[in-house]
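User: I would like to go through this structure with you. Could we begin with the strands?

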Amino acid sequence: MLALRAAAAVPTPDVPFVRVESSGTILVYGRDEIAIEAGQMLEQHLDVTVLILPSGLVAGLGATDFPVVKGKIAVAGGHFGAFALVIDDFASPEPTLRGGLRYGPSRNGAQSRCDIILDLSGGSLLFSAADLRDGYLRVDPGNRSAVLEAVLKARDLTGAFEKPRYVGFDASLCAHSRSNIVGCSRCLDLCPAGAIQPAGDHVAIDPNICAGCGQCAAVCPTGAASYAMLPPDVLVRKLRTMLLTYHAAGGRHPVVLFHDEAHGSPMLDALAQFGDGLPAHVLPFAVNETTQVGLEGIVAGFAYGASAIRFLLRGRLRHDVAGLRQTVALAEPILQGLGFAGPRLAMLETDDPDVAGVALRKIPCMPSAPRPASFRPTGGKREVLRFALRELHRAAHEPVDIVALPKGAPFGAVEVDTGNCTLCLSCVSACPTNALRDDPERPMLRFVEDACVQCGLCQVTCPEQVITLKPQIDFGAATAPARVLKQEEPFCCIQCGKPFGVKSTIDRVVAKLEGRHWMYTASSRRTDLIKMCEDCRVAVVSEGHFDPYGAPDRALRTTDDYLQEGDLAGKRGPRP
């Protein structure tokens, strides 16, 4: 209890908000009279349009005060207050005195906008992770009570609303792409709501669509995406306070239980009220979304003395939690490599409080770090993670210097095939974190492992394809100097002596052209131009009235000449 009270007292920053407005325009999308009935219940409160599927049947319909049109939604985009739809097979009703609906000619590509969508079609979802899309209400049309509940909810969706801006984004830190070549796409691959889209060399996060799962911020290797509820440094600070207070009060073998407010808190309340409650050594830690916890939270927890960490998730997930699974898979080899053996990390996916209680009581007692850390987290996500890794290594049972990591890890080295590398340095210009560096004085490629996030931009940019990523964590990289991957002798200009290129490259070019290319056979002046720096090359060409692209005099050659050369070289048999 002392630990929980101390953690609750840690101040948290205010969360920014975005403003969303809805004027009450609703599209009811259905297949039969149920959609019409829903429209009739809403027409006194909202601006209603009913869209009936082309295959739907509506018989015996009387006059309505709202339009009832036909069509199928082909493309759905936008967000609450600004949905944008493309409708195929669209047709408006024709006036008729008989029962039923009769439609005019249909057309594809009709566009519509609305603030709210009530989906009673019973077909495929219009949006991925539909439960996370505000303003999109989808229920089974055969469940009358669910339809009524959705209608009542839709009636309240008018006016101005404030929504948390869950994720802050710094485009200057993003490692998504360079020069139209894609490198890191971790956040794009994981966002369940489709709120993230490419935007040039970086990505853009739409705060109106973002549902706040936090997976983008958890896996972002550079810290370009940062979660606002709680920020990484604040989360680790609360974790520090809770665990240090627990140890100071005499507690042993603490297990940190991350849970969300919407699902986890009611589960723990039920377990306390109707069950045996949590084991005394299990410390609940509430977050907005369990999937927001990144590697820095896990590593810091063990560095501060946690013996195990568990994540309480829904039995029926609202969205994919692949990001959290990747984080756990990344943390496990680090813990194993540092001597933290046993079932240290696991996810409890259940909606039953009793099942959760039994699983928590079965966690074996495992030793915590023998020398728990007490560092104070400061800075952004990447800085907090560096601190936590360094302190975990110091506090570990069996510290080692290098631990191999799975593919996709945000740490690692770069290996270069030096025999085929030409030191073009295109990898240096592509690297978004300055992990790969050149030297202004000599042809050299250097590497700083502590700055590498394994985005892969250097690998896909390299024209010779000589770069390989090696995911690993080197605990000595933070203090290690830049490592030289390749260094060569510079080539000096034959006119002024200034170094301007790589000697092996210039020699290779001259060897391939001299005596083999028609432009370089008549005179050595053209070859000399290759051996000059840009300034001397321009001076020689302009002062000597020399046309570097002019063709030398070439004697007329016939077919017999070519055949004779072939015979002499032994490439052809005797001429008939």
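User: In what sense do strand E7 and E8 pair, and over how many bridges?

Analyst: Strand E7 (residues 116–119) pairs with E8 in the parallel sense, over three bridges. Two strands count as paired if DSSP finds at least two bridges between them. Strands (E, at least two residues) and helices (H or I, at least four) are DSSP runs, numbered from the N terminus. This is a predicted model, in which local features need pLDDT of at least 70, side-chain atom pairs count only at pLDDT 80 or more, and totals for chains, interfaces and linings use all residues. Residues are numbered from 1 along each chain as its sequence is written, and side-chain values use heavy atoms, leaving out hydrogens and water.

User: Which residue in E8 does Asp119 stand opposite?

Analyst: Asp119 stands opposite Arg138 in E8.

User: And what is the strand order of the sheet?

Analyst: The open sheet has seven strands in the order E6-E5-E4-E3-E2-E7-E8, with mixed pairing. Strand E6 (110–114) and strand E8 (136–138) are at the edges with a single partner strand each, so one side of each has no neighbour in the sheet.

User: Which helix packs on the sheet?

Analyst: Helix H2 (residues 33–42) packs on it, touching strand E2 (25–30), strand E3 (47–52), strand E4 (68–79) and E7. Contact means heavy atoms within 4.5 Å.

User: Changing topic, at what angle do the axes of H7 and H10 cross?

Analyst: The axes of helix H7 (residues 264–274) and helix H10 (residues 353–361) cross at roughly 80° and come within 9 Å. Axes are lines fitted to C-alpha atoms, for helices over the stretch in contact, and angles run from 0 to 180 degrees between N-to-C directions.
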